[in-house]
Structure formats: structure tokens, C-alpha cells
Number of protein chains: 2
Amino acid sequence: MPYFDAASSAPLHPVARQALQAALADGWADPARVYREGRAAPVLLDSAREAAADAVGCRPDELVFTPSGTHAVHAGVAGALAGRRRVGSRLAVSAVEHSSVLHAAAAHEAATGGAVTEVPVDRFGRVSSDGYDEALRPDTALACLQSANHEVGTEQPVALVAEVCRSRGVPLLVDAAQSLGWRPVEGAWSLLTASAHKWGGPAGVGLLAVRKGVRFAPQGPADERESGRAPGFQNLPAVVAAAASLRAVRAEAAAESVRLRALVDRIRARVPELVPDVEVVGDPERRLPHLVTFSCLYVDGEALLHELDRADFSVSSGSSCTSSTLTPSHVLRAMGVLSEGNVRVSLPLGTPEAEVDRFLEVLPGVVSGVRERFGVPVAAAGRERAASGSVPAEAVSTEPVPSGPDGGEGEGEGERRGKLVVDALGRRCPIPVIELAKVFGDVPVGGTVTVLADDEAARLDIPAWCEMRGQEYMGERPADHGVAYVVRRVS
Amino acid sequence: MPYFDAASSAPLHPVARQALQAALADGWADPARVYREGRAAPVLLDSAREAAADAVGCRPDELVFTPSGTHAVHAGVAGALAGRRRVGSRLAVSAVEHSSVLHAAAAHEAATGGAVTEVPVDRFGRVSSDGYDEALRPDTALACLQSANHEVGTEQPVALVAEVCRSRGVPLLVDAAQSLGWRPVEGAWSLLTASAHKWGGPAGVGLLAVRKGVRFAPQGPADERESGRAPGFQNLPAVVAAAASLRAVRAEAAAESVRLRALVDRIRARVPELVPDVEVVGDPERRLPHLVTFSCLYVDGEALLHELDRADFSVSSGSSCTSSTLTPSHVLRAMGVLSEGNVRVSLPLGTPEAEVDRFLEVLPGVVSGVRERFGVPVAAAGRERAASGSVPAEAVSTEPVPSGPDGGEGEGEGERRGKLVVDALGRRCPIPVIELAKVFGDVPVGGTVTVLADDEAARLDIPAWCEMRGQEYMGERPADHGVAYVVRRVS
């Protein structure tokens, strides 16, 4: 049963399981005690710290274990900001950071009134070092950048950004959650965070490395454990398993990264050939070896995940139609790419080639099945006109948009014929885009279709549809209810 | 090999081990995902939450899992204080709370300028509801009280204190870390915290229960997990093991509490008979079933723990001479009892009677061995005069104390003969008390011995020695170096 969601949580590595068993027998006592059970614990802890520091590329006394990658990020951001409070309270983050970084930024804004500067990304989801150069201000206390993106796999130019930060005297915190199992983070980073369950270690262990010389003031209540940077009884068996499995996956990383990269290349090349109206997103070259993401026009993400699950494939999605937040992934939004029918495939170590091939066999039928259910016949996908009549007649009108600042009052009959309005209010992704596609052939070249929608995904997906179709996106304006998105037919 | 330190960390319960194994196979995926691996996870999580809530005596939606008991305390204290920010920022805690509560209180004082009121305890380490009644002010936002003390086992009158808090409209947070494995906490508490590794669950799991209707504003960055009260990827296998083992230990609790209570009663009765100059501390009746603590005069705690370890007994100590902080346990200090030669025995479930009997056989020889090394012959222990001459002659003088506000200038020769000064500056616990005992017989009844010491433990142990010996402690005054403690011989 192929599990293709390693980026959410990798299956427990056999070495992690063995180390956990052994440490449960020897490492359950309090490392602060002097008796024999307690004496075993600090020995195990020291050796785990040395192994983890070696994999990170730092000194053991620069690294502490936290209860999760999220805790490492929260503690790292808060401590680094507080350590440079005198400089200022501005934080620079890329627009595509993991939610734990964005939550830390939001908490910083809310609690201290500190400002957050967001560094934009290109269509591949990649920042530039110039972007950080512009974002850093005299009052910037800290910059954050992921080593590689968790949703689209794009690797960030960490070493270049670290150079910019160093020349500006700003510490850089690197969230290495997605990449640390593959290799150390290059460049002159100041703080680094990671999460064991992403590399096949157990849940319950994060890493926080703070380079010597970086000003750091731990926030919140502290105790004598983990250099005062991570309070609470250490989860020693899990820490031992985390360090052992990091070492083990690194030993496999060189060979596996070549093998999985070839499998991902196959998915990147074949999916657009096999499935019409697909956008493969993320940097095609500078990317994680095991991860690929694509979005499918006219597809409900939730339905797609369920159908893939029924076909035995476990994948993830950044579509709003699969989440409880009703908004598309902030990563896809920042990249400006299609979010509907989004699928992230992230292959665990050891994924057999045959599983990838079977995925490629199964995917086209799954996508076309979902499209059919939404009234987008397979044959029509890829054209501007859907054949089925699932749109209620009253949802399409040649009336002007009911109101709004640029409403079409006072236009003549001829002008009205070139203007269609589709009412998709109350309809969720992917319906607004499907409705747009269905009527688009009804307006002449030069005419416009206005889609009324209140689903947040439309803001991302209607422009993305225009980009994919070569049609002109003319912008949005507020309507009585929801938003009016205007598209002009240019071909 | 008898492990008698369950109060630090209980050995992993067999049920916890089994549940951990099973959940490592089924519960490693992200509970937020829709595919089969992810679907198993929330089912396991819900069922663990129901089991834990049932054991706590709250609703499942009132309980969240945290990465440790310490995290539960920190999050609970911060969230409850912030939830009642409009009322005020005063926090009331007992003087004998676990360090995690005191650290949370200190962080509250440091970060927000909030005030902390400490509620005193009696010589058994027990608070009174009147003590809380006096401590609560109009601006008190939160009160904290442990269910039972972690160092001396004394059970607190939680239900009575909860009533006082309720009548004054102040929420009460109960730290139930030491007692939850034995039984639910009675009374109308508002928040409750606990730690799985204290009851035989794995490390990495704490509980935080917040009753419906209690104002609670989680502090720091949050995410969508655990009701926004405990961010980060859930450690599901550990959570499952924690809940399963809590249920298992509760099933054994009634029988084991009777059995272990009898064993502890044996220790409480026999130790003072077998070992001279011992003070058994903590409430003899209202106490945890498995825990007993005593202190031995003229004994170095570190040496005692090492000798007991050599004799295969793993115990803990609140003596300053075994910790890196150079101060005696704040619990023993608040109780005003002897701290030197302190031993805490906390029996795990299933401790065989024979192990306790062997401990009672071994202990007298171990204590007398340590005392001999410090020049306190076994035969002399219990008398006011030590036979050996290990005190350097120059350390004892009939000179007045070199200086200080009440220094003895201008006294006559006759008065000087009734006044001895012992210089124990630079000497660590238990030396100052040993030196006092060695010379005490040299002053006539009515005369005084002044001990010069700079070890923090002397402040606690010299008055405790007077109490045990029926001599009069006359107080302390600052000296040129350290502090002068004055004792008058009354018999």
C-alpha cells in the first residue's frame, strides 16, 4: 500500500524502532540522578547529542532537543528575537515558510507589536537573496528561511541569503525540517531547526541549534534541562531513536536521492502527458529529491484524495477544498499557481519503482472520474467548453453584474452580448473555475466573462486558469456578495 | 535491583510498552490527513483522550495532551493568567509546589510584572485552606496547588482549597503529577495537570485539563492541534501508551496502595529505631501510599546516595549536598525540617516486600559508614559530643565573633568561657552541623555556640538540629564572611 506522504511524516525507520526499544529498556530514568538507572541516561543523551550535532554540522553544545520541530521553531524564533531586542523587533520571513514559523511571527506581532516583513517568492516558490537584502531593515532582529519548501519541494538559496544576512549583521534561522535527512544545510546560518518524524525518527523530538556567538535569550519558563532552552523531562528513548535514525538515513541519502530523483522526474514528465490541464509546480531542478506537486484544473482536491486513497495511494494536498480553513495553501498562493486539484507526492526512502509506475497508471482515470462527477467530461477537459449542462440556467446571465463600483450600468445591448456573468456564489472550489470554463466559449473573442464567487480559492485559481489558457485576467472588484472576477477572451 | 525512585520517573508499565509497540505500527501518520494511515490516527487519539479524561474526571473536550507535565503546567498557568488579565495579575502558589510551577510563577513575574503570593505550609508540608483564604486578593487571577507533594508525599487539602477559591471566584490549577496514577483529584478544581512518566507511561506526554467555563487564553504561538492549547505534531504512540497505562495502573491502584502503604509504614516506623538521629518528614497519615522521606543528621547526602547505589538501592534526595544548586530543597526549607542526609524512597507498583526489608537491613550500616567518614563515630551519634578530633584546633575558639552588629565586644573573661565560636566557613553541608555537635558539650548549660558558615543548608539545618536536640536556636546575624548562627545550650 503505497504511502506517498513522507513530507507530512515519514514511516518509522527500522533503526529508529530498534533504538527506541533499546532505549526504553535503558534510558527511562531521570538523567539528573546519580544512581545506575540515572547514570545510563546522560550517557545516552550525550551520545545522541553528538550524533545529531554531527549530522547538523554544529557543536554538541550548540544543539538542544525539543519536544517537536514546532517547539524548536517557536523557541528559536522567540529566543533570537529577544536576544536582539535592543536592535529592534522586526522579523523577516519568506512568504512560503512552514506554518510553525508563520505562527511564531504572528505571535511576535501580537505579543510585542513587532513588525514582520514577508519576502516574496517567484512562480517556482523560490526566494532571492536580493529579496532578503531588500527586506532587511536597521531594526530587523531576525530573518527566517526554510532550507526547502514542504509543499512544492523547491530548495531555497540558503547560503546566499545567509551571506546577505551576515553582511547586514542579522542572524538567520533556517527551518531544515524537510531537508535535514538528506544533507546538512550549507552556509553561515545562525540558528537551525528540524523535526525527527520528518526523517523517519519518532514523533516527539525536534532539534534547535544556536551557533556560539548568536545572541539568544530563551523565553518563557525554563529549567535546568537542555541548557535552559527546552524545559521538561527529556524524552530520552525518542531522542536516542531520533539521533540513530538520522545517522541511518544519511547513510542511505546519497544513493536514495539519485534513485528517488529519477522517479520524481518520471512523475514530473509523465503527469502532464497523461492528464490534461495539469500544472506541475515548484522548481524543476533545485528541489528535494523525493517530492513533486501538481494541480489539476476542474478537480475537487478532497474527492481526488479520496479516490487516490481508494486506489491505495496516500498523498497530501494544499487545495482549500481538502482543508478546514477554506483558504488555499499560503505556499501556492504566494507562488500564484493553480491550487485546485492539488496533489503532493513525497516518496519515503525505499519506495519501489513499481509503485510510482502504478500511480502513473491509476492517476489519469482517477482525475477524469472526478472531473466527470463535476460535469467536466474527460473529452472536454482541455477545451474551453464543457459539454454537460450541470450549470443551472439561472446561474448564467447576460445581465450586468448587479452592482459594484465598476458595474456595467448604461451599456448598450451590443455590449451586453459580449459580457457574460456567472453566479458561483456559495459554490466551493473547483466549481467557480468549472463554471467559467463551461460558458467561456459563449462569448466572442474580445468579450468578457465575470465570475461572481465568494470562495477564497477563486482569487488564486481564476487568474491561474487564465495563465494556463492564455486568456486575459482583467482583475477583480467587490460585488454585492463576494467578488467579481473578470476574464477577457483573447483567443 | 531495587529502584525506589518512582516519584522521579516510574519504570515503563508493561501495558505502556505494549500500547507503544502497537501504536508505533498504526499511529505514526498525521492525524490531520484523510488517507488510511492518517484516518487511524485520530481514532487512536480520540480513544486515548476519552480514556485519559475518564481517569481525570473531566470531559474529553476539556483535556489536551502536551509534550510533558512541565509543558502542561507552563501552558496552564500562562493561559489561565492571561484569561483573567482584566481581574489582575496576582498568582497564589504554595511554598512547596513542583519547580515547574515555581518557574512558571517566576516567568510571570519577570515578563508581566505580575505578583506572586506564596502560601506557607506547616511542618508536615501541608497548606491550609485558611492559608489560601488569606493569600487570595481582589487582583488574584489564579491559584495553584499540588495534589500531593513530590518530595515528602504529603497530600494537600485540595477539595477545601478549591472551595475557598470557588467562593472567592478564583480558578484553581491542581498539579496532580504525583497522585493521578492513584486516583482522581477530588473537589472543584478548574485546571489540572499531570505527567505520564510519573505513573509508568512513556516520557513525552503531559495532560492539561481546563474545565468548561474557565477563562483561558493560550499564550505563545498556537496551531490547529489540541484545541490550540498545545502546538506541534502530536506524539501519538506515546499518547496512546500514556492513556492505556493510566487505565492499567488505576486498575491496580486500590490493592497496591494498601500494600505499599503498609511497606511505607514499616519504613516510617523502623528507620528511627534502626538509625539514630533521623527525622522522618511529611504527613504520617495524609500522604501518598508509596512515598516516604527522612533526613539523617551528620550525613552527606551525596555520599549516602552513592553508598545506597553501591548497595543496589536507587533513591533520591532533596539535600543540597547532592544537587548542583548548593541550596537545600525548597520543600524541606518551607517545612523547616532537617535537609542533610535526606533520602526519598518512592516505591514503584509491585515493589516486593523483601526489597523493603533488605533496605531496612542495609540502611543503618550505610548511614553509620558515612558518619564515620565525617568523624562522627556511630556510638557518638545521638550524643552532643563527638569523640574524634577531626576538627582543626584553630577552627574552635573562645574569641568573640570577629565582627557583626551584635558582636560580643566588651565582654568579660567569665562571659567568654560560656561562648564558643566554630568557624565552618567554606565547609559544605553536613560539616557545619557536625562541627556544632562536636563542641556543644564544651559549653556549660546557659552558654552559647556560634557557628560561622556560608553554606546555605546551615540556615535550615542548624535550627533543625536545635529542634531535634531540644536546644535553643537564638537566630542568625551577618558576619564578616558568611553568617553567624547562635545556639544556646539549655540542657
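This is a predicted model: local features need pLDDT of at least 70, side-chain atom pairs count only at pLDDT 80 or more; totals for chains, interfaces and linings use all residues.
The crossing of α2(B) and α7(B) is left-handed, meaning that the near helix is turned anticlockwise from the far one by less than a right angle. On the α2(B) side the contact (heavy atoms within 4.5 Å) involves B:A41, B:L44, B:L45, B:A48, B:A51, B:A52 and B:A55, and on the α7(B) side B:L236, B:V239, B:V240, B:A243, B:L246, B:R247 and B:R250. Of these residues, 12 are nonpolar, none is polar and 2 are charged, where Ala, Val, Leu, Ile, Met, Phe, Trp, Tyr, Cys and Pro count as nonpolar, Asp, Glu, Lys and Arg as charged, and the others, Gly among them, as polar.

In chain A, helix α2 (residues 36-56) and helix α7 (residues 236-274) also pack at about 35°, with axes 9 Å apart, and their crossing is left-handed.

Residues are numbered from 1 along each chain as its sequence is written, and chains are lettered from A in the order in which they are written. Local features need pLDDT of at least 70, side-chain atom pairs count only at pLDDT 80 or more, totals for chains, interfaces and linings use all residues, and side-chain values use heavy atoms, without hydrogens and water.

The interface takes 52 residues from chain A and 52 residues from chain B. The two chains bury about 4100 Å² between them, 60% of it on carbon and sulfur atoms; buried area is the accessible area (1.4 Å probe) lost on putting two parts together, summed over both. In chain A, the residues losing the most area to chain B are A:W28, A:Y35 and A:R36, together 15% of what that side buries.

Across this interface there are 6 salt bridges (a side-chain nitrogen of Lys or Arg within 4 Å of a carboxyl oxygen of Asp or Glu). A:R36 forms a salt bridge with B:D309, with the closest N and O atoms 3.4 Å apart.

The mean pLDDT of chain A is 91, pLDDT being the predictor's confidence in each residue, from 0 to 100. Over residues 378-394 of chain A, pLDDT stays under 50.

Definitions and conventions:
Helices (H or I, at least four residues) and strands (E, at least two) are DSSP runs, numbered from the N terminus. Axes are lines fitted to C-alpha atoms, for helices over the stretch in contact, and angles run from 0 to 180 degrees between N-to-C directions.
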